Amino acid sequence: MKTMKTLLDPCCGRCTHTPETPCRDYVRCQTEGPLCHDDPACRMERERLLRELKTEVGSQKQAVLFCTGTGCASSGSNKLIEIMDAEIKKAGLDVSVSTRPTGCHGFCEQGPIVIIEPAKTFYTRVKAEDIPEIVAKDLVGGERVEHLLYVDPTTGQAATTYANAPFYAKQHRIVLHNCGHINPERIEDYFAQDGYRGFAHALQDMKPDEVIEEVKRSGLRGRGGAGFPTGLKWGLCRQSAGDKKYIICNADEGDPGAFMDRSVLEGDPHSVLEGMMIAAYAIGADEGYIYCRAEYPLAIKRLEIAIKQAEEVGLLGDNILASGFNFRIYIKAGAGAFVCGEETALIASIEGKRGMPKVRPPFPAQQGLWGKPTNNNNVETYSNVPHIFRHGADWYAGFGTEKSKGTKIFALTGKVNNTGLVEVPMGMSLREIIFDIGGGILGGKKFKAVQIGGPSGGCLPESLLDLPVDYDTLVQAGAMVGSGGLVVLDETTCMVDIARYFLNFTQKESCGKCTPCREGTKRMLEILVRITNGEGKEEDIETLEKLAGVVKSTSLCGLGQTAPNPVLATLKYFRHEYEAHIRDKQCPAHACSALLTYTIDEEKCKKCGLCAKNCPVKCITGDKNTPYRIDASACIKCGTCMEKCKFGAVVRA
Amino acid sequence: MEWLTLTIDGRTVSVPKGTTVLQACRMNNIPIPTLCHDPELTATGSCRLCIVDIEGMRNLPPSCVTQATQGMVVRTQTEKVRDARKTILELLVANHPLDCMTCQKMGSCDLAKYAYEYQVTGEAFAGGERRHLPIDDSNPFILRDPNKCILCGKCIRACEEVQGRGVLDFSHRGFNTQVGPAFDLPYAESECVFCGSCVSVCPVGALTEKQMAGQGRPWEVKKVQTTCPFCGTGCNFDLNVKDGKVIGVTSNPEAPVNGRALCVKGRFGMDMIHSPNRLTTPLIKKDGEFVEASWDEALSLVAEKLGEIKAQYGADSIAALSSARCTNEENYLMQKFMRAVIGSNNVDHCART
């Protein structure tokens, strides 16, 4: 009997599935087959291949997993695979050990990340010279390479496995489940994880209205920012009259620091396609577009591979799984405008027009792409959907809070020990995310605030750390879930400067269409720059609040309507910092260089000259007989002198 | 037709279904300021000056793109609405040159009109950054000062939707957004055909008729509606006459044939009226040189020559070629003359091929 080389091969001549002659049971057959005939030989072949793909505990074979997401790939992980392959061959292990490129683990600062399955040993920051050691010690000797294990910065303990690392221990990974474990460029890896089972179930066992009901029952809300209920959105589009409808996947992830969508696209592209297919079936669409920013070349490449593979096995195309349902997916690479994340601008961009938002109504569900009813969700939303249909709406609704169900991925960054992607059930407190998963503040400094929701979000102070993170609570507190950016700020961060940073971003990314957003954010930014330069005027806060109110209430799209949020939130919780800048000409965080002066305390100065030696602009003069002095007019306020002085003689005010 | 009843500023009004709040206001003589709105162009809701307060709606929706609904309660002059409009005007004026004294648009500038109404002096946000873009002086017809542009986008829509050219669009982003042909080309190097539709819709002094610069103020000018003499289409426009002299042409929105649309000749070709090169009498070539003649003299000469040719070579030796751009009446007369007077059917016109 002919053996199967991959899971995709027919087990024997009795299998008739092709895209042209589709078999209804093709997807289920991948993991439970054969279904159309009973043959132990065929079954054993499938089981053998599945074991190899999954390398679970008890497996005879080992797999070395290399993250090839954008982060680890830029630290050289692709080269490491080549070296490992050669070393495995040299050690004669090529029968029992294989390498597998995977997607992102969301812990990019520790990259390149290497995992040994089935033991799930978790190696971080692996370099080329570490590979022979991993082979000799771990793969051959069965011992861990201790110095490559992840050490928790707060406890000093090494994490033996992936799940042991505190960064992962409190996470609950549903959407990110496959990321970092499967080879995103092989559809059979996705099949082995029950991939496309949700789609097959929806397509074959449910009517479109039942699919929409199921999504409604799951409580899934849009993960792109506003949190609109997904089932409701699908229902509106389904009800719109029209024989031609479209599905759009918004992969124009643009918030500074957010990269969860990129990770899903790079690490588990089929989950996004599967979510889109379920949506298309529910709504009655036969074509879909993925609008992915061109700055994500790896995501686009993996999507192209995934779409081609799905077409080759007949999961995209005509008469999918003999159901009569037709669906095709195209990729549109965006040209880099942040505003194209707004759905009407995104649609204009797909149509070849300048990406500028349009007035709603009509909503895309009524008149979207090419004037046809269109459903638009983002990457994370779509990749939640297959899980709902694999495990049921009730299972999904078991995670999260009353009004915010499921899990949400956050991009944790800033002044925190562990940075990366964090997927947690909705409702977890900020404190748990920042201190338990994030490992607390970097360098033992004091927490000041957390900026949530990207440029449209807000900053929350320490007093709100126990707030549960869900859509409605955050909005009430003056922030938002947004796309899930979580920037941790410590005592050295100036809150006026943070507001300035985000407003600078939104001002540059405003499309320029409506007056308040285009001109109003510019004047707000000018005021913030003035304040941080120590030139603030007493009436500036009032003007800022007035402008913020007008921009919020009169702008055309979500970008303008939320652009003042960082200013309003910092004014709400950190007004005293604004006042200190304006009235006392001081920056309480000592971050605004225009408001700092460095002087040398002659009594403490030992005239060692270290400050003068290290000053990058050579503005410190003095010698053994003359006291050291800083020329304030030339000083660039970098603080190097203060860092270098061993006697605390440099005073910052 | 289904009618809706709504309340605007305390007044109960009825409008047909499908009416916007702005239309409902204007139908009932309730003033709403607008800069980007034009009844002939797609509503984009971009200037945000027409915002109103509508019960039950968050934010201040722009009336030009908000559909009136049954029972809607609209307030157009609340303090919040007027304050927001004033701030929007202040923001526009803060990035607009205040050289109104020499601006060709003075007297018909919408921005100045609303700035006056809302008492926007230009002091707010003084000292902030302003645009300093080069003025497009590349052609003899349209003067384009992008620094005066308020980015209402009407010129873009007029070019695209009325003229079908699509020469203009927005470029750049945020504060640096501007309007112009692709690649920031000057008009002369772009695909522009100088129909001037953009000029006719510009609410400020960003697009003006170059010929009229410095020639007269709107209040000094008498507008005389007339029919364009250049071709047979029959476009109407207003001759702008100051002190008995035609200084230029502006669209007349009431023109029955063409509305505001005109071609380059109609809008910018009227300088021929006072041109020293203009022929005012017929010329007859005598001894190799053209010499001024009277109409009687000239017509007699033509009649005489045609008669001679016909007598010598026969009627079919004469043909007449007319223009499809002449009026129907003129073309009718031409063929009648050929058939009845000359006796030939040799009649043709330039557009037949």
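Colleague: Over how many bridges do strand β10 (residues 236-242) of chain B and β11(B) pair?

Modeller: This is a predicted model, in which local features need pLDDT of at least 70 and side-chain atom pairs count only at pLDDT 80 or more, while totals for chains, interfaces and linings use all residues. Residues are numbered from 1 along each chain as its sequence is written, and chains are lettered from A and ligands numbered from 1 in the order in which they are written. Strands (E, at least two residues) and helices (H or I, at least four) are DSSP runs numbered from the N terminus, and two strands pair if DSSP finds at least two bridges between them. B:Lys242 has B:Lys245 of β11(B) as its bridge partner, and β10(B) and β11(B) pair in the antiparallel sense over five bridges.

Colleague: Which are the edge strands of the sheet?

Modeller: Three strands of chain B form an open sheet with antiparallel pairing, in the order β9-β10-β11. Those that pair on one side only are the edge strands, β9 (222-227) and β11 (245-250) of chain B.

Colleague: Which element gives the most to the side of chain B that touches chain A?

Modeller: Counting residues as in contact if their C-beta atoms, placed from the backbone, lie within 7 Å, 25 residues of chain B touch 25 residues of chain A. Elements giving two or more residues to this side of chain B are α2 (79-93) and β6 (168-171). The most, five residues, comes from α2(B).

Colleague: Why is helix α11 (residues 260-267) of chain A largely enclosed by the rest of the structure?

Modeller: A residue is buried if 20 or more other C-beta atoms, placed from the backbone, lie within 10 Å of its own. Among those buried in α11(A) are A:Met260 and A:Leu265. The helix is largely enclosed because the buried residues number eight of the eight.

Key. Two residues are in contact if their C-beta atoms, placed from the backbone, lie within 7 Å. A residue is buried if 20 or more other C-beta atoms lie within 10 Å of its own, exposed if 12 or fewer, and partly exposed in between; C-beta atoms are placed from the backbone.
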